[in-house]
Amino acid sequence: MNNLWQCHNCIDEHGKPGRDFEADKPVCPECKLDSTLPEYAQFGLIVKRETIHLDPPHKILKGKGSGKRACDGKPAQGAMFTGVAAIVNCPACLRTDAFRGLAETQGLEVTVVEKHDYVLDPTTMPTDS
Ligand SMILES: [Zn+2]
Ligand SMILES: [Zn+2]
């Protein structure tokens, strides 16, 4: 399974330090920095990132999370999760309506908007009979 890394020897698409990449080992595909080598590891330029899920706000309790991951509704136990939209990096959570709603209220510009723009309509599907 690939890990999530962030290379601080590179800049991201917004010009900010820290380029995200997925890889087995902390070797940046962009600048080729190999953080497994002691000569580079000492600088700590490639940091490991955990998958951070969205814990949507509780429907009734103010200022509390629901305790469930937005992507699959499973208890947030054991996984990293947050109520701060800007920190969420789980790709599935980023696609949820809960994330978009939260991002809006927190004034975050949502760049990851992906939603299926089609539905399978059973009434128009061919049948055998
Ligand atoms: Zn890099
Ligand atoms: Zn998630």
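Lys32 is exposed in this predicted model, because 9 other C-beta atoms lie within 10 Å of its own, and a residue counts as exposed at 12 or fewer. Lys32 belongs to the loop between strand 2 and helix 1, the latter formed by residues 38-41. The backbone of Lys32 has a phi near 65 degrees, a positive value in a residue other than glycine. Most residues other than glycine have a negative phi.

The strands form an open sheet of 3 strands in the order 2-1-3, with antiparallel pairing. At the edges stand strand 2 (17-23) and strand 3 (46-49), each of which has a single partner strand, so one side of each is left without a neighbour in the sheet. On average, neighbouring strands of this sheet are turned by 35 degrees against each other, direction ignored. In general, strands of a sheet pair through backbone hydrogen bonds, in either a parallel or an antiparallel manner.

The pairing of strand 1 with strand 2 can be described residue by residue. Strand 1 covers residues 3-11 and runs antiparallel to strand 2, to which it is joined by 6 bridges. Trp5 has Phe21 of strand 2 as its bridge partner, while Gln6 is paired in this way with Asp20 of strand 2. Strand 1 and strand 2 make up a hairpin with 5 residues between the strands. In this hairpin, Gly15 takes a positive phi near 85 degrees.

Technical notes. Residues numbered from 1 in each chain as written. Chains lettered and ligands numbered in written order. Predicted model: local features only at pLDDT ≥ 70, side-chain atom pairs only at ≥ 80, totals over all residues. Pairing = 2+ DSSP bridges. Helix = DSSP H or I, 4+ residues; strand = E, 2+ residues; numbered from the N terminus. Axes fitted to C-alpha atoms, helices over the stretch in contact; angles between N-to-C directions. Buried ≥ 20, exposed ≤ 12 C-beta atoms within 10 Å, placed from the backbone.
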